[in-house]
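I keep this notebook to record what I look up in a structure.

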Amino acid sequence: MSAPDNIRPHSPANADSSSAGHSEPDVNSLPLYEELHFLGDQAYKQYETRGDLKVLEFAIRSIRLAMEVTEDNNPKKATIIANLGLSLSTRFKCVGESQDLEESISLGQLANALTPDDSPDKHQRLGNLAVSIVSRFEREGRAEDLEEAIALWTQAVKVVPDGHVDKPMLLSNLGASFYLVFEHSGSANDLEKAVELLTHAVELTPEDHPNKPMWLDNLGSSHMRRFEQLGNLEDLERAIALQSRSVDLTPDGHPSKPAYLNNAGLSLQTRFTRLGDFADLERAIVLYTRAVGLTLDGHTGKPAWLNNLANSLQDRYLQTRDAKDLEEAITHQFQAGELTPDGHPDKPNWLNNLGRQLHTRFEQSGNLDDLDQAITHKTTAVTLTPEGHHYKPTLLRNLSNSLHERFKRVGDVLDLEEAIKCSTRSVELTPENHAKRAKNLRCLGILFFTRLRSPHAHADDATRAMEALLEAMQHLTSHPLERLLASSLYAHLLTEFSHLFTTPPRLSLLEAWKHAISLIPQCIWLGNNVRGRYTSEELSAVRVVTNDAATAAITAGEYGLALEWLETGRAVVWSQVLQLHTPLDDLQRLHPQLAERFRHVSHALQLAASGSPPVSTETQLPSSSPDIQLEGFEDFLRPKTLSQLAGACASGPVVVINVHELRCDALVLCRAGDVVHIPLPELSLVRAMGIQKYLRDLLRAKRFLNRCRGDLQDEDDERGGRVTEMEPPDMMRKVLTDLWNWVVKPVMDIVCTLEPSSATLPHVTWCPTGPLVFLPLHAAGIYPKNECTSTPSQTIIDLAVSSYTPTLEALLKPRTQVTPAGQDPRVLIVSQPASLHAINNPIPGTTTEAAIVMSLVGKSTPLDDADGTIQAVLEGMATHEWVHLACHGAQNHTDPTNSAFLLYDGRLTLSELMSHHLPNADLAVLSACQTATGDEKLSEEAVHLAAGMLNIGYKSVIGTMWSISDYVAPDVMRVFYTVIAEQVKAGGELQPAYALHEAIKVLRMSSGRGGMNDFLRWVPFVHFGL
């Protein structure tokens, strides 16, 4: 865990307050005791600026001599005694010698006794003594010390009038002491009291006061700690705002600047851990690096800065897998330990973190020496930490994790037994309402699970695991992800070991999965930007849990429930975007104030989603859905039920395919609202992954991935290497044949019996999961090698018109009659033959293509070449029902939300598109490369440009699964728009899927020298939506 510059009471003064504001005296004219005291006081101030321990030693020697030569009846002796005690207390914090601490307390008590209650210095004496006593509490954990410190601070606050310059400091220190009580006891009342006092201190301090940054930092740290304990995101946002302000108000040369930089970095790193926004981690590393760079090696704060920098570098390693970050992390962490004396209270934290980083390096290298060292350091950390310390449960859990890992690698049951012992103790020491309790419980459940699967199982392991996981999944103050993971593990426990329970389970298998699914909306927070949501740990967990839950429901014969769960856990981010576009007509009519508030919050969240400046704390965004009960709005923004999803199949059946390691199945949502189950026994997860890799390798070898339209102008261009001995048509034929045999034929055999016979082909919409997302189901079939052969083909193209959808909800949009029958829609036609951002890849065919489209549609607005700017295109999309984009498209695999259309003056990115909503949009034709490719790591999220257009309002989108040829695109568009124009003229419902089907049929019959077997040319064109 990263460590802040602790919220500690700050020492009120190191000199008699009567000297404040006076010029420095002539040292040569002073008595000896005053000269020594003055020299010591100046040295102490120099130490505060430079952090040089040798200077502090000189200060202590000088002030001690001053005390020794001062007569007992001298009225200034109390000040000298107090300052010696304060200096010794400071040295204790540096070196950790208990003798310094005890002497500082004795001297503080003496100074306080010598100071009358009506003295203007009384609050300083009380405060300095309280600081030393708090240090002893932090070292030894004695509750009576903390009680005494609070009594001293409370007395100090009382003796100072409201307008006194030191009042904010005293309130801040009293608040910091209540915060320590909270950490020791876990009492929420103490934490609230701390925040209240620290807030009051900030409010009483003018903006230009030199201590304002200190109070802001303390208040920010308290909010951050409250977030860690209770999990309220508003506290975390508040902490970041307060600490950022503290940094901004502090000049670079100020001695406290490194501490403020460190604490601001810690809050940003915490938000990265919670929400997954990589930009927060990068900013934290910058702040930590600045803090370390501004601090000399002898400074007492440097180990903490190094520790936090090391932790942030480890976090970045876990994101990027750059080994350099991990090695730097270990180096910095080791240096933090070396700079910290053995008795220092932070030493266990540094050792624990060094153990974590060594454990991570073991996971990378497999070197058991790293794991052994990790366990050694973590064990020492646990041993050095007092039993009542608030961080002890985390240290025990971390040690347990490493012992568990060594058991899995070496098989020594003693490691497993010790791991369970540590984990059990970790849970015992964790307060009931602590935000980490679910995590500690889940880790204990995992250990029981491991022992159940080993030859060393105990009779009650299954029941003890069940009890731990049940408490974890229902622990409301813990992170939703921990609860979701606990729910998943509970369900797996029921599946595998229910026969071993000594007491009946309180939740059934499907109830456990239902609980997990219900947590999904809470796991992926709307307030985070889209990139953060896509890269978060939560989204990865949601994918696995949804897949497992749906498989369990299918196995139980609950097909409708399985469909609902797949919908809830699929394209989560897109579903959230759609929620922000929810029509508010009914809400506005019945509850106008609530509707207006929803609009305001939605707008703020859309800005956050698109990567705009972070939402301010004044917006007060909820961390989860508010519990507002309104009659008629019980399902507002909630996941859709099966009855609500039934409308998705208005134009034909929708086929949802679940691919799991245990089984593969299709669920067909029919027009009647029924769900028909079709087992796919020939398909497996391994086969699906294999065929996906096979196709990906083929496309890469033939350079149909990551190259542009302009690279494929020549129809004879066959550049690229071989991946097998087969020719490309044979390789692609294998892909399509396998898809036909394993997936499409079993589905169509049933679907054809469900659809009424008609002169037109039925319309089937595919909604695949996992590896199937990237495979051309719409082209599956058995294609003869020789087109002249009498052997008939068996293909989906002969049986149905295919479309795709990322979610069922995307099909619920009504097809708006945007123009009266017989009246042409407004069409925006964008062509980029030579974009400045793809200057080496001209695509002259776009000019021909644009001319073809303009000749076939009525009302059109061309934006050719320099006219096709980002602003012009966005403005045009807002005023035209249709848009045709003939340009370069780029899929960004590092950041999928940065995938873009390359326009004349820049990139129109997916993240930019996501901030817009076009309620009158109807048809988008994306005649560009890889607009429907997606990202392999986010298979369930449909992170591509075609889905982006669908989700900003377009009802139908034409896209491409891989790179297309500049000479093929105009031919496809000529047929497509000819059919579309006929549909518009007839005034009936627009059917872009049928128009594309016809265009591809024509292309197949005339596709270069390969004919219908020239698969790589015609297969990539796909239709999404209605």
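Entry 1
Are the residues on both faces of strand β7 buried or exposed? I looked at residues 801-804, which make up β7, and found both faces covered. Val-801 and Ser-803 point to one side, Ser-802 and Tyr-804 to the other, and all are buried. I note the background: side chains in a regular strand alternate between the two faces of the sheet. The model I am reading is predicted.

I then checked what β7 pairs with. Strand β4, residues 763-768, is joined to β7 by four bridges, and the two run parallel. For His-763, the bridge partner in β7 is Val-801.

Entry 2: the chain as a whole.
I looked up the totals. The chain holds 39 helices and 16 strands. Of its 1026 residues, 58% count as buried. I also looked at contacts between residues at least 6 apart in sequence: 72% of them join residues at least 24 apart.

Entry 3: an open sheet.
Which order do the strands of the three-stranded open sheet take? I read it as β11-β12-β13, with antiparallel pairing. The edge strands are β11 (888-890) and β13 (906-909), since each pairs on one side only. On average, neighbouring strands of this sheet are turned by 35° against each other, direction ignored. A reminder to myself: strands of a sheet pair through backbone hydrogen bonds, either parallel or antiparallel.

I took the pair β12 and β13 separately. Strand β12 covers residues 900-903, and four bridges join it to β13 in an antiparallel run. Leu-903 has Gly-906 as its bridge partner in β13. Helix α34, residues 870-879, lies across β12 and β13 and runs at about 35° to β13.

Entry 4: helices α15 and α16.
I compared the directions of helix α15 (residues 347-365) and helix α16 (residues 368-384). Their axes come within 8 Å and cross at roughly 160°. Angles over 145 degrees count as roughly antiparallel, so α15 and α16 are roughly antiparallel to each other. Their crossing is left-handed. By class, the contact of α15 with α16 has 10 nonpolar, seven polar and five charged residues. On the α15 side the residues include Leu-351, Leu-354, Leu-358 and Phe-362. On the α16 side they include Leu-371, Ala-374, His-377 and Leu-384.

Entry 5: helices α17 and α19.
At what angle do helix α17 and helix α19 pack? I found about 25° for α17 (residues 392-410) and α19 (residues 437-452), with the axes 11 Å apart. An angle under 35 degrees counts as roughly parallel, and α17 and α19 are therefore roughly parallel to each other. This crossing is left-handed. From α17, the residues that meet α19 are Pro-393, Arg-397, Ser-400, Asn-401, His-404 and Phe-407. From α19, they are Lys-439, Asn-440, Cys-443, Ile-446, Leu-447 and Thr-450. I sorted the residues of this contact by class: five are nonpolar, five polar and two charged.

Entry 6: Leu-470.
I located Leu-470 in helix α20, residues 461-473. Its relative accessibility is 5%, so Leu-470 counts as buried, the cut-off being under 20%. Setting aside neighbours within four places in sequence, I found Leu-470 in contact with Tyr-490, Arg-506 and Leu-507. The C-alpha atoms of Leu-470 and Pro-505 are 9.4 Å apart in space, and the two residues are 35 apart in sequence.

Entry 7: Pro-120.
I found Pro-120 in the loop between α4 (98-114) and α5 (122-140). Pro-120 is exposed, with a relative accessible area of 61%. Val-159 is 39 residues from Pro-120 along the chain, yet 8.9 Å separates their C-alpha atoms.

Entry 8: two residues with positive phi.
I noted first that most residues other than glycine have a negative phi. Arg-321 is not a glycine, but its phi is positive, about 60°. Arg-321 sits in the loop between α13 (302-320) and α14 (323-338). At a relative accessible area of 52%, Arg-321 is exposed.

Asp-865 is not a glycine and has a positive phi of about 55°. I placed Asp-865 in the loop between β9 (860-864) and α34. Asp-865 is partly exposed, at a relative accessible area of 27%.

Key:
Residues numbered from 1 in each chain as written. Predicted model: local features only at pLDDT ≥ 70, side-chain atom pairs only at ≥ 80, totals over all residues. Heavy atoms only, no water. Axes fitted to C-alpha atoms, helices over the stretch in contact; angles between N-to-C directions. Parallel < 35°, antiparallel > 145°, perpendicular 65-115°, else oblique. Left-handed = near helix turned anticlockwise from the far one by under 90°. Contact = heavy atoms within 4.5 Å. Nonpolar A, V, L, I, M, F, W, Y, C, P; charged D, E, K, R; others polar. Buried < 20%, exposed > 50% of the residue type's maximum accessible area, 1.4 Å probe, protein only. Pairing = 2+ DSSP bridges.
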